Amino acid sequence: MQWKVMISAPYMQPVIDRFRALFTAHAIELIVPPVSERMEEAELMEWCGDIDGAICGDDRFSEKVLRSAPKLKVISKWGTGIDSIDRACCRKLNIVVCNTPNAFSEPVADSVIGYILCFARKLPRMNIDMHAGRWDKIPGRALRECTLGIVGVGNVGKAVASRAVGFGMKLIGSDPLQMPAEFLDKTRIRMVSIDELLLLADFVSLNCDLNPSSFHLIGSKAFSLMKPTAVIINTARGPIVDESALIDALAAQKIAGAALDVFEDEPLSADNPLCQMRNVMMAPHNANSSPEAWEHVHMNSIRNLIDELLKRDNI
């Protein structure tokens, strides 16, 4: 074989046999290490010493890992977010980093609207009550009575906004980039500062990238600005929210609830206080779930990897 490639993306590993012939046709030897959610630095260093490429999930490709892999030419991220890869070091070492932009905007946006409906209409709580034999009519809200604040109005944020318009929600957004005029006209979204958004929103949807400016963007100060009836929804990256501050805000009833698909440390520990809170809905980093989207990302991740390997060897 000409190249050795590590497949550590947990969504691709279960179906890797479907693609083995394609890798073989390009003289690629595969190694498939055991992965639960992601590989940490020490685990990666056990496997990366002689690889030419990787198709990874949210593995921690730190500078230490990258410098321990002298043959590494390309990291093809399965998905969109590449915050777990030290890109500055990759540039120094001439390692190409690829991803699939806008890979999961549609299913993630669906999840956000699902969480909003659950909290506004009190669906999970009423279902639990009914199964327990309680006939309790709990007040809910129509979505047209609510304001949705979208933090990060990129591909996912725009998809959320487009869906929310159909429910008649009032929309406000916060993003450092200027929004296209057509999008502003279509959604009637009003762009505001993040502080104003937190003050006004009934639901706050986090859809921004994780970077130094967004790390713990939502912490004690943010929760102090939010309405006591407001709900925060994070389907982006766990560290955007200061989890300790969130737990304190929920316990003190500074906000009404949270919907979380992502966490600061994943998988979430069973003894995390969030697991005991009835006003919290949680999922195991699964808002991207979509057979069509996954298949697209499988193929694009492989294509990115092979294209870059071929370029590097001038074939």
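Helices and strands here are DSSP runs, numbered from the N terminus. I keep to that numbering throughout, and I note at the start that the model is predicted.

**Entry 1: a proline and its peptide bond**

I looked up Pro267 and found it in the loop between strand 11 (257–260) and strand 12. Which kind of peptide bond joins Glu266 and Pro267? The bond is cis, with omega at about -5°. I jotted down the background: most peptide bonds are trans, and most residues other than glycine have a negative phi.

**Entry 2: positive phi**

Next I went to Asn94. Its phi is positive, about 60°, although Asn94 is not a glycine. Asn94 lies in the loop between helix 4 (87–93) and strand 5 (96–98).

I then turned to His285. Phi of His285 is near 50°, again a positive value in a residue other than glycine. The loop between strand 12 and helix 12 holds His285. Is His285 buried or exposed? I marked His285 as buried, because its relative accessibility is 13% and the cut-off is under 20%.

**Entry 3: Ser290**

I stayed in that part of the chain. Ser290 sits in the loop between strand 12 (280–282) and helix 12 (291–312). Ser290 has a relative accessible area of 16%, so I listed it as buried. Where does its side chain point a polar atom? I found one 3.1 Å from the backbone nitrogen of Ala293.

**Entry 4: helix 5 against helix 6**

I moved on to helix 5 (residues 105–121) and helix 6 (residues 123–131). Their axes come within 6 Å and cross at roughly 60°. The two helices are therefore oblique to each other. Which residues meet? From helix 5 I wrote down Leu117, Cys118 and Arg121; from helix 6, Leu123, Pro124 and Met126. I sorted the residues of this contact into five nonpolar, no polar and one charged.

**Entry 5: the cores**

How many residues does the largest nonpolar core have? I read 51. Those with the most contacts inside this core are Phe23, Ile28, Ile55, Ile116, Leu148, Met169 and Phe203. Several elements each supply at least two residues, among them strand 1 (3–7), strand 2 (28–31), strand 6 (147–151) and helix 7 (155–166). Helix 5 gives the most to this core, with eight residues.

I followed up Phe23. Leaving aside neighbours within four places in sequence, Phe23 is in contact with Ile7, Ile16, Ile28, Leu30, Ile55, Ile302 and Leu305. Apart from this core lies another, of 31 residues, including Ile172, Val204, Leu246 and Leu274.

**Entry 6: two buried loop residues**

I looked at Met12 in the loop between strand 1 and helix 1 (20–25). Met12 counts as buried because its relative accessibility is 0%. Not counting residues up to four places away in sequence, Met12 touches Ile7, Ile55, Trp78, His298 and Ile302. I also checked Ser301: it is 289 residues from Met12 along the chain, yet their C-alpha atoms are separated by 9.7 Å.

I found Val153 in the loop between strand 6 and helix 7. At 1% relative accessibility, Val153 counts as buried. Which residues does Val153 contact, leaving aside neighbours within four places in sequence? I noted Lys158, Gly173, Ser174, Asp175, Met179, Phe183 and Met191. Val153 and Met191 are 38 residues apart along the chain, and 9.5 Å separates their C-alpha atoms.

Notes
Residues are numbered from 1 along each chain as its sequence is written. This is a predicted model: local features need pLDDT of at least 70, side-chain atom pairs count only at pLDDT 80 or more; totals for chains, interfaces and linings use all residues. Side-chain values use heavy atoms; hydrogens and water are left out. Helices (H or I, at least four residues) and strands (E, at least two) are DSSP runs, numbered from the N terminus. Buried means under 20% relative accessible area, exposed over 50%, partly exposed in between (1.4 Å probe, protein chains only). A polar contact is a pair of N or O atoms within 3.5 Å; within protein, one must be able to donate a hydrogen and the other to accept it, and residues adjacent in sequence count only if both atoms are side-chain atoms. Axes are lines fitted to C-alpha atoms, for helices over the stretch in contact, and angles run from 0 to 180 degrees between N-to-C directions. Angles under 35 degrees count as roughly parallel, over 145 as roughly antiparallel, 65 to 115 as roughly perpendicular and the rest as oblique. Contact means heavy atoms within 4.5 Å. Ala, Val, Leu, Ile, Met, Phe, Trp, Tyr, Cys and Pro count as nonpolar, Asp, Glu, Lys and Arg as charged, and the others, Gly among them, as polar. A nonpolar core is a set of buried Ala, Val, Leu, Ile, Met, Phe, Trp, Tyr and Cys residues joined through side-chain atoms within 4.5 Å.
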